[in-house]
Amino acid sequence: MKKRNLLQRSIIIGIISVVGIYIVIGPHGRRPHGKDFTWSGIKQNLADNIHLGLDLKGGSHLVMRVKVEDYLKRLSEDNATAAANAAKDAGFEVKDAHAETSSGNYRVILQLADASKAKDIQAAVEKKVDLSSNAGWSYSLSGNDMSWSLSGAMQNQLAENATEQALKIIETRINTLGVTEPTLQRHGAQSSHQILLQMPGISDPEHVKQLLKAQSRLELVHVVSPPSPSSAQTYSSREEAIASLNNGGNVPTSRRVLPYTERAELNTDQNNPTAPKPTKYVVIEVPAIIDGSELRNANAVQAAGGADDFQIQFALKKSGADKFGAWTGSNINEYMGVVLNDEVKSIAYIKSQIYDTGEITGRFSKQSAEDLALTLRSGALPAPIEYSEERSVGPSLGADSIRAGVRASVLGLALVVMFMLIYYRGSGINAVIALLLNMILMIAGLIMFGATLTLPGIAGIILTIGMAVDSNVLIFERIREELRSGKTVPSAVEQGFGHAFVTIIDTHVTTIVSSVFLYFFSSGAPMIRGFAVTLVLGLVVNLFSAVYVSRTIFMWLLSRKDRRVESLSI
Amino acid sequence: MFQLFHEIRIDWLGKRRFFIGLSIMLMLAGMGTALYRHKFHPGGSDAFNLGVDFKGGTVVTVRFKQPPTVEGLRAAIQQAGVRDAVIQPVLDKPGEFLIRIPQQSAAPGAEQTQAGIDVVRSNLGNAVKSFGQGNADIVGTDAVSAVASSQLRTQAIAVTVAALIGMLIFIAFRFEWTYGAAAVIAVFHTVLVTLGLFSIFQIEINLTVIAALLTLVGFDVNDSIVIFDRIRENRKLYRRMSLYDVTNLSINQTLSRTVITSGLVFLSVVALVLLGGETLRPFSLALLMGILFGTYDTIAVAGPIMVWWERKLEAANKLPAATARESGLQPKQVRGSSKSVGNPSRAA
């Protein structure tokens, strides 16, 4: 009976060990061949099998936040403009329209000349602009002020949508860039609107950062100016532009004043051919003729100005082309502007009706034109993003960390093994076998679950050595105690394991409990997660290696000797 | 048999006044230093040397082929418009520097959204490039914005508290809630003492240190559980013995395990301190200190608190006279406990 039990245990341990060793150093996804049994083959397989974290193999870890408050602010302002225009179109007088946006509070306000018409105005506005209660806007009237405020629930929903949209756009941009094996996901609490991007192998992410951040909000607008042949109306300061509107120093809702840097022409000044011209200001009409959402394609092409002069050619979708064609057809000789991120890039008059193509000029370099085309193709970000965390590690620094971690592990292991062999003599061998098996199975577990090994993960492995040894110490000390109290060797071993087992379970479960907490509360710190994962894996494996395996070895020792075992090397 | 401790009969609980006093002193020393720094050196030295993870800012690791002097590097960095940079040569790697830059806004006039980590990083890149193309290489960057660092700070505290509560519940479920409370108080003490030492020696506190503190929490509670397990077992074996004696006996019985395990973990951590490199140093140091105090506090803090609490409960349940006969505690404390239940003998 006992013999069969022992055989059964040995077979289980044998199978698990072989499978574990194969997972760690065997080839995955192909049949093993001769080279897999050489030292270099084993090393190669080991490197292939273990997924190293960015801190070990090099790469960047970027956390960005979508500035959803900017998105909601823009939405409110656009709605205020649209509401005022809708009211005016319906023949009502509106004295002022603006949006009030303080933290967590977004309101669209129309100031009326005559509050008695509020009901009709509300109907006229809500027919054209989606400020209905279904869209989360609640209407109220106080004095001459009509106001719509956005409910908290709808704010959250819109912010969430904006974040998801930003995530998709960033994904497109990353894919077009051809970053290898990027990880892109939401980060932290959902309400924090953060996105995590990990890029292995890229240790200097500056270019990618700039590219992802580019808002690329494109608008084609009507510039307020007398038509060609007189030149386009520009102003030398913002104040001058506002004064030209004759609106008491305010910009009416149907107009905007934007900066415009005229394109520097080549060869006007031999010494400084591309000297920047001073910034001017122009007045444009709101709303825009069409915006970037109508883009079908955008490409960087070389312009007439020379080898370092590039421009972006774009094509519009069907719906955009229809709108654009209709507008250009009826506005021959009027001036049109190309606005990128609230800055006028170029102004030209309409020579003839244009349907679906256009270009953005502005003396772009090849790189910046290509970047702009790429970001235009991916679509505009719904809101600006800001970087809140950047961690990048070069491959050499990572390699140093691996070396340091491996050295520390080997030294730690060597010290522990030495002590166990000296202090527990024969039984020390038992502990050492259990310890080595623990390390192998732990790494096998990491590989099997596809977990990544990080620097704190290596620290977790070193600590597991400590925990694994603790189980053996607990058992051995208990066996010694039982022996001292005069028990026979087999019964001392039996009792020692029995008593120590309860304690081992208790200690392991407490540490697992704390590691699980660590895991769930560390969503913002992937590094700490790596540590928690290795620790839990190590503890679970330890229950097998320190208790089951160690006990089997004792059983085997006892069964080999005579029926009456007199002494035990412990 | 080669053995560390044999047949020891130390009256650990009898020395509880000394132990608890020492613990309180250690805690006060650490927390006192932190408070002192906080109060009397505003802006000069902080209570804790928080890393970029918790304070925000940027740390850049630069590797030079032909390293400049620290002064030269500082001048170049200032030239590039980066203020308050702290330059620290990496001891074990010649030619490598850690450049720490506190949270700062961009040059005046720049857009606020452009401020912070983006600007610092690119300015620093320019400064480093001024030492010649190919000579310098930025091999690592850690930049954390103010918002992210405060999130991480909140999260670190939440994790620690959650882990402590989780353990309290588990021990209360496996033993008694007094045991759980005693273990958790002991652990909390270790965490405070370790943090105090970090304040005294101004060792940087970063995310890995939090991981280390949580590991300590685990190890420390382990130690307590080993003793509590023994107490539970011994109480069944020696029904006549007082809790005071059973606790002493259990601590003594498990003493060799406690010392050997802690010693071995200590050895692996020493390996980590020596060879684990600059990046893991704060982590390793936190573990090193924590294991020392964790081992001490299981014996010196967890045991006495648990016995004292259990006695209080017992005294509240029984007649004071009976408690005085059975108790191994000082008469003064028994009097205190009888007062606290409002002298039930007279009421009866």
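What distance separates the centres of domain 1 of chain A and domain 2 of chain A, taken over C-alpha atoms? The separation of these two centres is 64 Å, in a predicted model where local features need pLDDT of at least 70, side-chain atom pairs count only at pLDDT 80 or more, and totals for chains, interfaces and linings use all residues. Residues are numbered from 1 along each chain as its sequence is written, while chains are lettered from A and ligands numbered from 1 in the order in which they are written.

**Domains and confidence**

- Chain A is divided into domain 1 (2–58 + 394–560) and domain 2 (214–391), with bounds that come from an automatic or database domain assignment.
- The average pLDDT of chain A (the predictor's confidence in each residue, from 0 to 100) is 85, and 96% of the residues score at least 70.

**Helix pair in chain A**

- Helix H11 (residues 395–448) of chain A packs with helix H12 (residues 455–484) of chain A at an angle of about 5 degrees, their axes lying 8 Å apart; axes are lines fitted to C-alpha atoms, for helices over the stretch in contact, and angles run from 0 to 180 degrees between N-to-C directions.
- H11(A) and H12(A) are therefore roughly parallel to each other, a term that covers angles under 35 degrees.
- Helices (H or I, at least four residues) and strands (E, at least two) are DSSP runs, numbered from the N terminus.

**Sheet in chain A**

- Three strands of chain A form an open sheet in the order S13-S14-S17, with antiparallel pairing, where two strands pair if DSSP finds at least two bridges between them.
- Its edge strands, each pairing on one side only, are strand S13 (295–302) and strand S17 (357–364) of chain A.
- S13(A) pairs with strand S14 (residues 310–316) of chain A in the antiparallel sense over 7 bridges, and Ala298(A) stands opposite Phe314(A) in S14(A).

**Interface between chains A and B**

- In total, 60 residues of chain B are in contact with 59 residues of chain A, a contact being two residues whose C-beta atoms, placed from the backbone, lie within 7 Å.
- The residues on the side of chain B that touches chain A divide into 33 nonpolar, 20 polar and 7 charged; Ala, Val, Leu, Ile, Met, Phe, Trp, Tyr, Cys and Pro count as nonpolar, Asp, Glu, Lys and Arg as charged, and the others, Gly among them, as polar.
- Strand S18 (residues 385–393) of chain A runs antiparallel to S5(B), joined by 5 bridges, and Thr141(B) in S5(B) is the bridge partner of Ser392(A).

Note on methods. Parallel < 35°, antiparallel > 145°, perpendicular 65-115°, else oblique.
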